[in-house]
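Dear colleague,

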Amino acid sequence: MIEEERDRADAATAQLGLLPSLRALPRPVVPLLVGVAINRSGSLVSAFLVLYLTSIGFPPGQAGIALSAYGVGTVSGIIVGGRVADQLGHRLTIGLSSIATGVLAGSIPFVHPYGPLLVVCAGAGLMSQLFRPAAVALLAELTPPQRLVLTTAAYRVSLNVGATLGPLLAALLLTWSFTILFIANLVGSVAFGALALVSLPRVSTTAATSSGQAVSYRGVFSDRRFLLMAASLLAIATVEVQFLSILPITVRAHGLPPVAYSVLVALNGLLVILVELPLTRVTQTWPIRRPILMGTALIALGISLYGVAGTYALLLAATVVWTMGEIVSAPSAAAYPALVAPPAARSRYIATATACQTLGYAVGPALGTLLFQYAGGLVWIACAALGAAAVAMVAISVRQPQTLH
């Protein structure tokens with residue numbers, strides 16, 4: 001009887017307007033969202049690592065290898081993070097990984113031998129992503145299922161606000177030196193870690209584990225429908241990241257100045273910040289397959305339209321189309337692993353989905369640029385085909401979570 005009343009209350013809360021819904025978020029979620037924005041604004045290592053290393057005399061090849069080491073670390077960190085979160089609990093994982101990220105990133109200007117530098121870069125990448133499964137799992141633990149999509153959207157907006165403020169902060173700090181930039185990363189990450197350790201609740205899956213429920217990646221890998229959904233994230237991420245790799249080349253090929261591409265990037269970020277939360281207020285009431293399917297299709301369509309966009313107005317329109325797809329699908333796709341996972345395996349489901357998406361973002365630029373180099377505009381046809389495959393995988397795999405029935 002009590003559970004039925006709680007479910008009715010949660011369902012009623014899900015029907016609230018945007019501002020009341022945000023005010024109804026569990027109080028511990030607020031410092032997590034603020035901390036995520038602080039951490040993201042200070043996480044500038046990957047964006048400026050190559051520029052820094054070449055400025056102190058390393059050849060471009062070695063600088064690129066260092067960035068690749070950082071990237072390998074990020075993918076590994078997500079996978080390892082699922083296990084660590086289950087063992088240490090969400091609060092400790094978030095706090096300690098953030099502090100470790102700051103220490104490792106802040107030490108980069110003081111490590112000069114190339115071998116140790118690669119180790120530090122890989123370690124900083126690993127620690128920078130270790131907290132992500134724990135953070136999303138903690139949101140799921142603290143938020144009723146009917147509001148998790150909206151809470152996930154708020155989490156994404158926090159990430160985007162931090163990502164928007166970060167380059168502005170970097171531009172200011174670089175007027176002094178790269179060392180100051182990396183120290184700022186240290187301060188931001190340590191501040192987030194301290195905030196997490198002090199303010200976040202002690203929530204973990206230890207109780208579920210001790211009750212006999214299996215907590216391992218073997219259980220995740222046996223869930224074929226979920227793995228197919230994770231594969232769709234990898235596919236659509238590979239398509240979406242061409243916005244960063246092939247589109248700049250296309251813009252230049254049209255004879256447009258670099259600022260034209262900067263406007264497209266700014267348009268994407270601005271739309272996400274301004275539109276995602278209000279629109280998620282609507283999409284959170286839909287069956288969860290609908291926004292994921294619709295958004296994936298819009299991303300594939302918008303990115304593919306770059307191949308036929310002969311004017312700047314069409315480039316802007318294509319950017320709006322795929323950005324709206326991201327806005328529609330991302331909150332539901334990010335919340336989905338936590339909603340369908342057994343409680344004791346939640347962090348590992350989240351880690352699996354996140355790792356697949358991150359892998360798509362990592363390999364997509366290399367695949368896209370190689371295809372563009374040897375096949376030219378056929379890269380956009382390949383994006384359309386891979387996007388269509390992602391849509392089909394979503395249609396087959398995504399099911400309505402029992403927690404939302």
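Which helix gives the most to the nonpolar patch? The helix in question is α9, with three residues. Please note that the model is a predicted one.

The patch lies on the surface and is formed by Phe110, Leu169, Leu172, Trp176, Ile180, Ile183 and Val187, which together have about 680 Å² of accessible area. Helices α8 (148–173) and α9 (178–199) each contribute at least two of its residues. Ile183, for instance, is found in α9, and its relative accessible area of 31% makes it partly exposed.

In one of them, Arg156 pairs with Glu276, with the closest N and O atoms 2.7 Å apart. This pair links distant parts of the chain: Arg156 is in helix α8 and Glu276 in helix α15 (residues 258–283), 120 residues apart. Both Arg156 and Glu276 are buried.

Arg156 also forms a salt bridge with Glu326, where the closest N and O atoms are 3.4 Å apart. Glu326 belongs to helix α17 (residues 312–340), 170 residues from Arg156. Glu326 counts as buried because its relative accessibility is 12%, under the limit of 20%. Through shared partners, salt bridges join Arg156, Glu276 and Glu326 into one network.

A further salt bridge joins Asp223 and Arg399 (3.5 Å, N to O). Asp223 lies in the loop between α11 (217–221) and α12 (224–240), and Arg399 in the segment after α19 (378–397), so this pair ties together parts 176 residues apart in sequence. Asp223 is buried at 15% relative accessible area, whereas Arg399 is partly exposed at 25%.

Yours sincerely

Methods: Residues are numbered from 1 along each chain as its sequence is written. This is a predicted model: local features need pLDDT of at least 70, side-chain atom pairs count only at pLDDT 80 or more; totals for chains, interfaces and linings use all residues. Side-chain values use heavy atoms; hydrogens and water are left out. Patches are made of residues with over 30% relative accessible area and no salt bridge: like charges are joined within 9 Å, nonpolar side chains (Val, Leu, Ile, Met, Phe, Trp, Tyr) within 5 Å. Accessible areas come from the Shrake-Rupley method with a 1.4 Å probe; for residues, only the protein chains shown count as cover. A salt bridge is a side-chain nitrogen of Lys or Arg within 4 Å of a carboxyl oxygen of Asp or Glu. Helices (H or I, at least four residues) and strands (E, at least two) are DSSP runs, numbered from the N terminus. Buried means under 20% relative accessible area, exposed over 50%, partly exposed in between (1.4 Å probe, protein chains only).
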